[in-house]
Amino acid sequence: MKFFVDTADIAAIRELNDLGMVDGVTTNPSLILKSGRDILEVTREICETVSGPVSAEVVATEAKDMIAEGLKLAKIAPNIAIKVPLTWAGLTACKAFASEGHMVNVTLCFSAAQAILAAKAGASFISPFVGRLDDINADGLELIDDIRTIYDNYDYKTEILAASIRNVNHITECAKIGADVITAPPAVIKSMASHVLTDKGLDQFLKDWAKTGQKIL
């Protein structure tokens with residue numbers, strides 16, 4: 001399973017990238033706002049930092065304008081994935097981008113039916129939002145499972161990019177289901193290393209080591 005980092009914080013991206021934990025990056029208008037930087041400038045820097053796909057999102061709502069914005073974003077770097085919302089206009093733009101060989105990430109997916117349309121429109125990635133479904137007492141992981149089944153049934157090449165990942169359980173369950181990619185904030189990815197028994201065991205080892213009076217260096 002590939003790890004995309006859901007942030008526009010270049011320092012956080014570099015930290016994880018140096019450890020080999022970054023296969024790509026996803027951004028959106030909210031993350032650009034949080035970065036406090038110009039979208040073209042920060043996206044270009046991210047593309048120079050990571051070799052994998054970097055999702056940059058259009059903000060227009062009409063297909064014609066989405067296409068114009070997406071083509072401008074695609075000029076930033078060869079590893080740009082143009083991100084469009086799962087609306088009819090977004091699907092129209094997706095088809096246009098895919099026809100020209102651009103990577104496309106179709107976002108804000110909340111149903112299997114939407115995911116089918118994105119695959120038929122040529123999306124490189126479909127981004128179902130796990131956490132936001134959980135927020136309304138729906139089962140976000142069930143959606144990932146449904147899309148996996150449908151895509152496997154028909155050999156769709158669109159990759160399932162599980163988004164709105166809120167915790168480590170979301171990541172491990174998506175891995176068990178067979179999501180191709182997860183995108184998560186840096187803090188959630190780093191928290192995968194944490195376990196209370198690891199902390200407890202390390203504490204005991206260090207106490208016992210101190211009693212030996214020895215040093216390695």
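How many residues line the largest pocket, and which of them lie nearest its centre? The largest pocket is lined by 20 residues, and those nearest its centre are Asp6, Asn28, Leu31, Phe129 and Arg132. A pocket here is an open set of points on a 1 Å grid over the protein atoms alone, where a 1.4 Å probe fits and protein lies on both sides within 12 Å along at least five of seven lines; lining residues have an atom within 4 Å of a point.

The model is predicted: local features need pLDDT of at least 70, side-chain atom pairs count only at pLDDT 80 or more, and totals for chains, interfaces and linings use all residues. Residues are numbered from 1 along each chain as its sequence is written, and side-chain values use heavy atoms, with hydrogens and water left out.

The lining of the second largest pocket includes Asp6, Leu31, Pro185 and Pro186. Helix α2 gives 3 residues to this lining, the largest share. Helices (H or I, at least four residues) and strands (E, at least two) are DSSP runs, numbered from the N terminus.

Lys83 is part of strand β4, residues 80–85. Lys83 counts as buried because its relative accessibility is 5%, buried meaning under 20% relative accessible area (1.4 Å probe, protein chains only).

Leaving out residues up to four places away in sequence, Lys83 touches Asn28, Glu57 and Thr107, among others. Contact means heavy atoms within 4.5 Å. The side chain of Lys83 also reaches the backbone oxygen of Thr27, at 3.0 Å.

Thr107 belongs to strand β5, and with 2% relative accessibility it is buried too. Among the residues that Thr107 touches, again leaving out those up to four places away in sequence, are Lys83, Val84 and Phe129. Thr107 and Val84 are 23 residues apart in sequence, yet their C-alpha atoms are 6.0 Å apart in space.

Key. Buried < 20%, exposed > 50% of the residue type's maximum accessible area, 1.4 Å probe, protein only. Polar contact = N/O pair within 3.5 Å; in protein donor to acceptor, adjacent residues only side chain to side chain.
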